[in-house]
Amino acid sequence: MIIIGEKINGSIPSVAKAIAEKDADFIRNLAKAQTEAGATYIDVCASVEDS
């Protein structure tokens, strides 16, 4: 079975904040947590709304 982690998404407020602040540790930890939970692939959507 292929599992795709989809938690690195700019539409999620905490992720949008991390992207805006260039918080690489936050994003890295999300990717690591999804991998450790069994994700085969990580889907990244780094787009955020213009303010």
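**View 1. Two helices and two strands make up the secondary structure of the chain.** Helices (H or I, at least four residues) and strands (E, at least two) are DSSP runs, numbered from the N terminus. From the N terminus on, the order of the elements is β-α-α-β. The model is predicted: local features need pLDDT of at least 70 and side-chain atom pairs pLDDT 80 or more, while totals for chains, interfaces and linings use all residues. Residues are numbered from 1 along each chain as its sequence is written, and side-chain values use heavy atoms, with hydrogens and water left out.

**View 2. Glutamine 34 lies in helix α2, residues 24-36.** Glutamine 34 is buried, at a relative accessible area of 9%; buried means under 20% (1.4 Å probe, protein chains only). Of the 51 residues of the chain, 16% count as buried.

**View 3. A polar atom of the glutamine 34 side chain lies 3.1 Å from the backbone nitrogen of lysine 7.** Apart from neighbours within four places in sequence, glutamine 34 is in contact (heavy atoms within 4.5 Å) with Gly5, Glu6, Lys7, Ile8, Ala39 and Ile42. For the chain, 61% of contacts between residues at least 6 apart in sequence join residues at least 24 apart.

**View 4. The C-alpha trace of the chain spans about 40 × 20 × 10 Å along its principal axes.** The accessible surface (Shrake-Rupley method, 1.4 Å probe) comes to about 4,000 Å², of which 55% belongs to carbon and sulfur atoms.

Key: Buried < 20%, exposed > 50% of the residue type's maximum accessible area, 1.4 Å probe, protein only. Polar contact = N/O pair within 3.5 Å; in protein donor to acceptor, adjacent residues only side chain to side chain.
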